[in-house]
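Please examine the sequence and the model shown below, and then read the points by topic.

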Amino acid sequence: MHFSKKLYIIKLKIFKNIEPLQKYVADLKKQQKSIGFVPTMGSLHDGHISLLKESIIHNQVTICSIYVNPKQFNDHQDFICYPRQEKKDIILLNNVRCDVLFMPSDNQIYPRLEESSITYESTLVMSILEGEKRPGHFLGVLKIVYKLFYIINPDIAYFGEKDYQQLYIIREFVENQNINIQIQSCATIRETSGLALSSRNKNLTIEEKALALNIFKALSLFKEHIMH
């Protein structure tokens, strides 16, 4: 018997509104299907794909979100310039066989302009390093992560170790708020040069990429010195 190749194509389900996505998730929960979740701001690269593959291996359903969250940008120009490539991202998600894409608008995520969503006082980790250079950034991250966790209610959420400070803060937040979601970290994926893959790398000149690579070189030398 001949079967059409179309029968083997897994089509990505795309949701732009919260209510139908929650109904879909509720049905998955009734079927006791495990849900893995990969939150992103889009402009996907191999680092994101590695997270998605990890989720696909260990869960029956994988959901990816794409939302450029304005609350975590303390520089409006940075928000405007953040790379966006929705059509290419959808193709990539289809190719990796992700099950669901949640791609909401600002009105869906922040229906009231005055909404503060959450206030959260963490340890010193919120205000040092990147937190010192980008005031309010990590609170903005927690706001969107909290909202997405509430909307999707996954079993496991996947985050890259590239943003280690963010990973630490999210883990602490989930533990302190008694949120029943496992936070799974995944190794940093790098270019052949050693530069960590990042959506913002597209905005760097050749000279700026070379300068950014010095961080990895310095860390590698420091690691080698410690081990010997």
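Ring pairs link F73, F79 and Y82 into a cluster. Two rings of Phe, Tyr or Trp (for Trp, its six-membered ring) form a pair if their centres lie within 6.5 Å; planes under 30 degrees apart count as stacked, over 60 as edge-to-face and the rest as tilted. The model is predicted, so local features need pLDDT of at least 70 and side-chain atom pairs count only at pLDDT 80 or more, whereas totals for chains, interfaces and linings use all residues. Residues are numbered from 1 along each chain as its sequence is written, and side-chain values use heavy atoms, with hydrogens and water left out.

**Aromatic pairs**

- The structure holds six aromatic pairs.
- One of them joins F15 and Y24 in a tilted arrangement, with 5.4 Å from centre to centre and 40 degrees between the planes.
- F15 is buried, its relative accessible area being 14%; buried means under 20% relative accessible area, exposed over 50% and partly exposed in between, for a 1.4 Å probe and protein chains only.
- F37 and F149 form an edge-to-face pair, at 6.4 Å centre to centre and 75 degrees between the planes.
- This pair links distant parts of the chain, for F37 belongs to strand β2 (residues 35-40) and F149 to helix α7 (residues 137-152), 112 residues apart.
- Helices (H or I, at least four residues) and strands (E, at least two) are DSSP runs, numbered from the N terminus.
- F37 counts as buried because its relative accessibility is 0%, and F149 counts as buried because its value is 4%.

**Charges over rings**

- The charged end of R84 sits over the ring of F79, 5.1 Å from the ring centre.
- The charged end of K71 likewise sits over a ring, that of Y110, at 5.0 Å from its centre.
- A charge sits over a ring if NZ of Lys or CZ of Arg is within 6 Å of the ring centre and within 35 degrees of the ring normal.

**The second largest pocket**

- About 200 Å³ of space lies in the second largest pocket.
- Of the 15 residues that line this pocket, the closest to its centre are I66, Y67, V68, R84 and E86.
- On a 1 Å grid over the protein atoms alone, a pocket is an open set of points where a 1.4 Å probe fits, with protein on both sides within 12 Å along at least five of seven lines; lining residues have an atom within 4 Å of a point.
- Grid points are joined across faces, edges and corners, and the volume is the space filled by probe spheres set on the points.

**Helix α9**

- Helix α9 (residues 206-227) has 22 residues, which at 1.5 Å a residue should span 32 Å, and its end C-alpha atoms are 32 Å apart, which agrees.
- The expected span is 1.5 Å times one less than the number of residues.
- α9 is hardly covered, since one of its 22 residues is buried.
- H225 is found in helix α9 and counts as exposed, at 62% relative accessibility.
- H225 and I109 are 116 residues apart in sequence and 47 Å apart in space, C-alpha to C-alpha.

**Positive phi angles**

- Most residues other than glycine have a negative phi.
- L129 has a positive phi, near 50 degrees, and is found in the loop between α5 (106-109) and α6 (130-133).
- N153 also has a positive phi, near 50 degrees, and its place is in the loop between α7 and β5 (156-160).
- L129 is exposed, at 58% relative accessible area, while N153 counts as partly exposed, at 38%.
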